[in-house]
Amino acid sequence: MTMIETTGRLRGLLRGLSLACAGLALAATLQGAVAEEVTTIRVLNWEPGGTKYWTELVAAFEKANPDVKVELETVPFDRYPEVQGPYITTKSGPDVMENNAGLELFDRRVAYEPLPADVLDEAKAQLITYSGGCLGFDTTKTCYGLPFGYQGNVMYYNKAVLKEAGLDPANPPKTWDEMDAACAKVKAIGKTCLALGLSGIFPAYWDFPEIARNYLTEEDMRAMLSGGLPWTDPKMVNVLKGLASITEKGWANASAPSITMLPDGADIFQSGNAAFAGTIISDAVNWSAFGAALGDENVGAMRWPTLVADAPLAQSFSGIESSVFGVTSWSSKKEAAFKFVKFMASTENATLLSTVAGGISLNKNVDPASLPKSEALSQILEIIKKPTLHSGVLLSGQEADALARGWQEVALGRLTVDDWTARMQAALEASPSKR
Amino acid sequence: MSVRTSPVAAAAPAMPARSALFGASALGRWLVTLLLTVLAVATLYPLFFTLLTSLKSRSDFAQNPLGFTADLTLDNYVAAFERMNVPRLLLNSVVTTAGGLLISTVAALFLAYAVTKLRIRGGNLIFLFIIAMLVIPSQVIIYPLYETILTFGMGGTYQGLIFTYAAFGLPLGTYLLAAYFRAVPDDLIEAARLDGAGELRILFSIMLPVSLPAIAAISILNFVWMWNDLLLPLVIMGGSDNKTLMVGVSLLSGQYDVSIPLVSAGLVIALAPVVLVYFVFQRQILSGAIAGAVR
Amino acid sequence: MVAASPAAAPPRVRKTSRKRPLMRRELLIGILFVLPGLALAILFKLVPLIRGFVLSLYETRGFEDPTFAGLANYRRMIADPAVADSFRNALVAFATLPVWIVLPLVLAFLIFQRSPGWTIFRAAFFLPYMIAPIVVGIMFRQILAPEGPLNALLTAVGLAPLAIEWLNGPTSALLSLTAVALWSFFGLGVLTYLSGLATLSEEVLEAARLDGAGFWRMLVSIVIPLLKPVIGYWTVLCTSGILIWMFPLIYALTRGGPGSATVLPEYLVFTTTFQFLDRGTGAAIGMALFVFVALVSALVVKRMYAEGKAKAR
């Protein structure tokens, strides 16, 4: 009894305190409002593309929309779920939020307001694709956010290492067998063939889709998203076998099971001690970062070698919107917030992205001349011309986790692919969004 | 414990040379020194590693993560100061850490005194309850904690984080202070009471001096974890202007863009105040003045 | 029973009546003294804990509204082998507790004895505790790598068989993690013990020395008995340290891998809650962990606290 009374009294006291604070804040806001009628929106984000890009982005937006002021709430990417989760369950906090396209966004759709018609029209006019912000990657269904940049996986190679190993840097391996032969030569000069780190989400996002393209169709991938394609299906087992073969054949560094691709794995490649590394096209550990570390002339980009050369998607690019921005369902400033979402898709922002952040934008109208010159980048721009779905973002949290942990144990010879398959199936069955 | 009965014992030098204690064996002394030196190197190395890394360029670090490089640079510090509003972040960290530290220590002092020296019913139960709060894993209560803080209207505010820090630091403070207070004989307190001293006076003029080493130890423990903590400030402050220095440092690494040298530079900036505070306090703990006052 | 109670009652009554005025004042002061701390603990720890328990009774699917599910989450938890594995890992890590307690004590006593260079050691040992886990993780992944400097050193001094793949083996990964945690914590223990040693009486140590007691005898027969309350405190701290404060290190060093070799229950709570979006099950595992740590600590406290109290009286 006394405890509850005490709690109540203390709570009253605290309420009083915060009311006083709120009063002060209100007074300050009113003063501002009278002067300019400015709406301030809060944008929760992890600064994709870096601090400099975001400073310029906000400045450009506020210049174009003088009636809206942006307050950035930036959270480290690593800890984003821990901040965003409580906001969603308490239906409080920012007016605009960021999430990765695909399942991550779909899982949080209760927190987002569906995009209104005028925003969708803008998206159609400006963007190459925005399906990652729409349920089931289907633009005819409800859409919750708009993307701005393009992301996906390629394999980079170090031409100097290939040359040293007696390989032709102009003709990197195209098939799994050619890769195996190349790796034998690279290992002979005492270097790592494929720089690899198996902890965290990287196996799921950066490696899995590239093997999956050899066995799955887009229809299969949509089935994966809805939980309709079991891991016991022979196609899925083949994907796991393909992943397992990378470590079984000894292409990777011995430390792979216990390190993470970022930064450790990428650093092995960046230090010139590895011939190949499977990473991404935008943001970081890309053509630009590797070019800066190894010399632009030494870096090449290629599609991952194929296991089934004539598979329908074997020559495609697993592309995905890097992240999408949407308006929260609880926001009281939706109109201003949607202005910001629209701006993310604009040509002006796209130009900023490619010039300031070195990113690859999704905007149709951006001037190609604004892109930097790099041979690896031209190779990438060629590769991304044939996009398909990115199967990594279709994995649930449970599946991504089981994929990485299973592969670690397979690489160490402590788990068979059969048992790995069983674990993946169990993870699928335990996934709340696919149950 | 009878040895501690007299609070006004001779102010003998706290720690006279005791090397003789190792006996005649010079070999033994050398072995011990060697062992301690190896340990000291193992403990100093990471600080050195962080410092060295913060002075390397990114590609130098990738080439040679552990060793020396010829050309060291201050670029990472320039970048860290450009990207972080260091004065504001520092202020936030100081306010929340100092607030949490102060409230938790004062609350622990009163609590420990009450459960050890005041014959209140259920004192032991209260003590055990407070200690039990120590073993709540913070990952478990993050959602409910945030809800609770919202209920009080303290989301994103200094007081929200300060009270949370204080609550999280309370159990260990109470435990250690209670351990010290128990060593003070009840007769001494009874005598003070008969002399007409109030409980507050007993607490501050008898108990507090006795427990200064404990307060110093507890303060260092709490200071460091509060200063370095990420989970609580992230959830309570989000990414607002009130975020702490450590959160600022962790923001130096982007989604996929992890520059260890840049993060290291940020950490050195964040670490500097901690090292400063530590060297001030460790002298306090072991200074003869305090040790003398206890006896 | 009937015969016993009248015999026991009178003295108690007499005692209370004699001290009644004092007791009432003490009670009031007592309440005032415990109130701030109690309020903090209740509002910011107990209330969230109770809310967490309530959540553990609900089925949560991502961020859809939770539905009441009784003990379903607990049943799911018990059926999940990953949960059992994580608690087994926790027990293995906890088995290293004696090292956590004894190592800092010996070091602290050495420093207290003014062993040569003690001022440097006193300052140096505490530094690892101040280094943020992200750096610790990155550094030790490099140091413990199969071709890393540790193995190079071991091979160089002729201990090649000891140069194993530290972070790749299931047991060695868990022990490496624990060792890294110990490395970052032990300085705090040295400091804590030193603060306790500072209160020891000079005369007692002097007397023992005149009796010709050596380092170990003084440690065992004088220091340990006198420091029991501080040792108890440190033991409780380490228990929590091993069982519920490892998260930042696991996250920075191994992410629980390889496989689930270094997944401790608190890490599982994190992945279940924030990566699997299964807050209900995450809360259930968290409750199990809370009870587990509370029981383990209770054992420790009971031993240490009871003995410490007995000594003090």
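Student: What should I keep in mind about numbering and confidence before I start?

Tutor: Residues are numbered from 1 along each chain as its sequence is written, while chains are lettered from A and ligands numbered from 1 in the order in which they are written. The model is predicted, so local features need pLDDT of at least 70 and side-chain atom pairs count only at pLDDT 80 or more, whereas totals for chains, interfaces and linings use all residues.

Student: How many residues does the contact take from chain B and from chain C?

Tutor: Two residues are in contact if their C-beta atoms, placed from the backbone, lie within 7 Å. Here the contact takes 86 residues from chain B and 90 residues from chain C. Several helices of chain B each supply at least two residues of the side that touches chain C, among them H1 (26-54), H4 (86-117) and H13 (260-286); helices are DSSP runs of H or I with at least four residues, strands are runs of E with at least two, and both are numbered from the N terminus. By class, this side of chain B has 66 nonpolar, twelve polar and eight charged residues, where Ala, Val, Leu, Ile, Met, Phe, Trp, Tyr, Cys and Pro count as nonpolar, Asp, Glu, Lys and Arg as charged, and the others, Gly among them, as polar.

Student: At what angle do H1(B) and H7 of chain C pack?

Tutor: Axes are lines fitted to C-alpha atoms, for helices over the stretch in contact, and angles run from 0 to 180 degrees between N-to-C directions. H1(B) and H7(C), residues 133-143, pack at about 95° with their axes 11 Å apart, and they are therefore roughly perpendicular to each other. Angles under 35 degrees count as roughly parallel, over 145 as roughly antiparallel, 65 to 115 as roughly perpendicular and the rest as oblique. B:Pro46, B:Phe49 and B:Thr50 of H1(B) make the contact with C:Val135, C:Val136 and C:Met139 of H7(C).

Student: Which residues of H4(C) and H12(C) meet?

Tutor: C:Leu97, C:Trp100 and C:Ile101 in H4(C) meet C:Ile231, C:Trp234, C:Thr235, C:Cys238 and C:Ile242 in H12(C), and by class these residues divide into seven nonpolar, one polar and no charged. The packing angle of H4(C) and H12(C) is about 135°, with their axes 10 Å apart, which makes H4(C) oblique to H12(C).

Student: Is C:Gly148 buried or exposed?

Tutor: A residue is buried if 20 or more other C-beta atoms lie within 10 Å of its own, exposed if 12 or fewer, and partly exposed in between, with C-beta atoms placed from the backbone. C:Gly148, in the loop between H7 and H8 (149-156) of chain C, is buried, with 20 other C-beta atoms within 10 Å. Of the 313 residues of chain C, 52% count as buried.

Student: Which helix gives the most to the side of chain A that touches chain C?

Tutor: H16(A) gives the most to that side, with six residues. The contact takes 33 residues from chain A and 26 residues from chain C, and the side of chain A divides into eleven nonpolar, 13 polar and nine charged residues.

Student: Into which domains is chain A divided?

Tutor: Domain bounds come from an automatic or database domain assignment, which divides chain A into domain 1 (38-149 + 322-364) and domain 2 (152-319 + 382-430). Their centres, taken over C-alpha atoms, are separated by 29 Å, and the contact takes 13 residues from domain 1 and ten residues from domain 2.
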